[in-house]
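Have a look at the sequence and the fold before reading on.

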Amino acid sequence: MSPITLKKVNQIKTLNNIAESGLKVFRKDNFAVDNDCENPDAIIARSFNMHSMDFGSNLKAIARAGAGVNNIPVDKCTEQGIVVFNTPGANANAVKEMVLTTIMASSRNLFAGVSWTKTLEGEGDQVPKLVEAGKKQFVGKEIKGKTLGVIGLGAIGALVANDAIALDMDVIGFDPFISVDTAWNLSRTVQRALTIEELFANADYITVHTPLTDDTKGMFNQATFSIMKPGVHILNFSRGELVNEIDLAVALEEGIVGQYITDFPNENVLKMENTICVPHLGASTAESEENCAIMAGRQIKDFLETGNIKNS
Ligand code: MLT
């Protein structure tokens with residue numbers, strides 16, 4: 001009788017509730033998926049901070065079900081030969097919809113108007129009269145014909161730019177990693193090529209879609225606020241550290257920044273009247289969680305089975 005050879009079972013550790021649809025890929029074949037697994041071959045994670053995590057001796061790959069990898073110690077992984085994947089574009093539509101929603105909501109003072117209306121009290125026609133008065137207090141502005149500056153022309157920035165053009169905005173762009181001319185030729189989305197200084201000086205709205213790196217950290221600061229159009233709306237659904245929030249608080253107080261909209265609020269600005277701060281919701285839709293989990297699951301399965309490194 002020939003000896004039975006047991007196939008190695010690959011252990012996959014999941015962190016922060018990865019959508020089940022992405023894990024289906026592991027349910028057959030030689031994989032075990034568990035969030036308690038101590039010595040995994042691979043990890044699939046959302047935003048869990050792995051900087052002080054003990055990886056065990058078997059770890060070969062980490063897939064981040066999302067775009068940013070700043071919760072992963074990438075340099076340590078490179079030294080140890082651990083491959084790091086992310087899921088570029090998988091949550092781009094969710095972020096784009098959040099950006100467009102909040103560009104319009106901030107322009108129409110929607111959240112301030114809702115909060116104010118909830119405080120109204122009265123009987124008979126008192127509330128309708130007060131509601132009429134609120135009309136003057138929350139007069140908005142239209143986005144048609146206004147200039148949107150998109151910083152970062154990757155998957156998310158290009159989608160935002162495209163749809164903003166459809167909403168009759170004038171869209172200008174800058175990317176720290178590729179020239180705007182290249183971005184323009186690739187995506188056909190940005191209407192004018194600019195330096196970042198020109199973008200800051202011309203935009204009525206600025207939305208930022210760059211990763212957090214040593215070069216982009218603090219790119220919104222006192223010096224850059226000072227060249228912006230007074231009253232500019234800044235949308236940051238990328239990373240809080242792109243903005244120097246002490247300088248931002250001053251710019252908000254002085255009206256240089258008209259509104260700051262973010263899902264990375266900081267205690268310096270979150271209670272200010274002209275900020276719209278939400279939890280980390282930019283990419284938080286059922287569809288995007290599923291897309292990211294499916295892409296991450298496939299990347300890990302493919303890598304463990306074939307050694308293929310495909311970051312898409
Ligand atoms: C990302 O990095 O993909 C976004 O910040 C969204 C998220 O992590 O939930």
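What follows covers the model, its domains, its sheet and the ligand site.

## About the model

This is a predicted model: local features need pLDDT of at least 70, side-chain atom pairs count only at pLDDT 80 or more, and totals for chains, interfaces and linings use all residues. Residues are numbered from 1 along each chain, as its sequence is written.

## Two domains

The protein chain splits into domain 1 (10-90 + 286-306) and domain 2 (92-277), with bounds taken from an automatic or database domain assignment. Their C-alpha centres sit 32 Å apart. Each side brings 6 residues to the contact (C-beta atoms, placed from the backbone, within 7 Å). On the domain 1 side, that's 1 nonpolar, 4 polar and 1 charged. Here Ala, Val, Leu, Ile, Met, Phe, Trp, Tyr, Cys and Pro count as nonpolar, Asp, Glu, Lys and Arg as charged, and the others, Gly among them, as polar.

## The sheet

Look for an open, parallel sheet of 5 strands, ordered S2-S1-S3-S4-S5. Strands are DSSP runs (E, at least two residues), numbered from the N terminus, and two of them pair if DSSP finds at least two bridges between them. S2 (31-34) and S5 (83-85) are the edges, each pairing on one side only.

S1 (residues 10-15) runs parallel to S3 (residues 42-45), and 4 bridges join them. Ile12, for one, has Ala42 in S3 as its bridge partner.

## Around the ligand

Which residues surround the ligand? They are Arg46, Ser47, Gly66, Ala67, Gly68, Asn91, His280, Gly282 and Ala283 (near means a C-beta atom, placed from the backbone, within 6 Å). By class, this shell has 2 nonpolar, 6 polar and 1 charged.

Note on methods:
Two residues are in contact if their C-beta atoms, placed from the backbone, lie within 7 Å.
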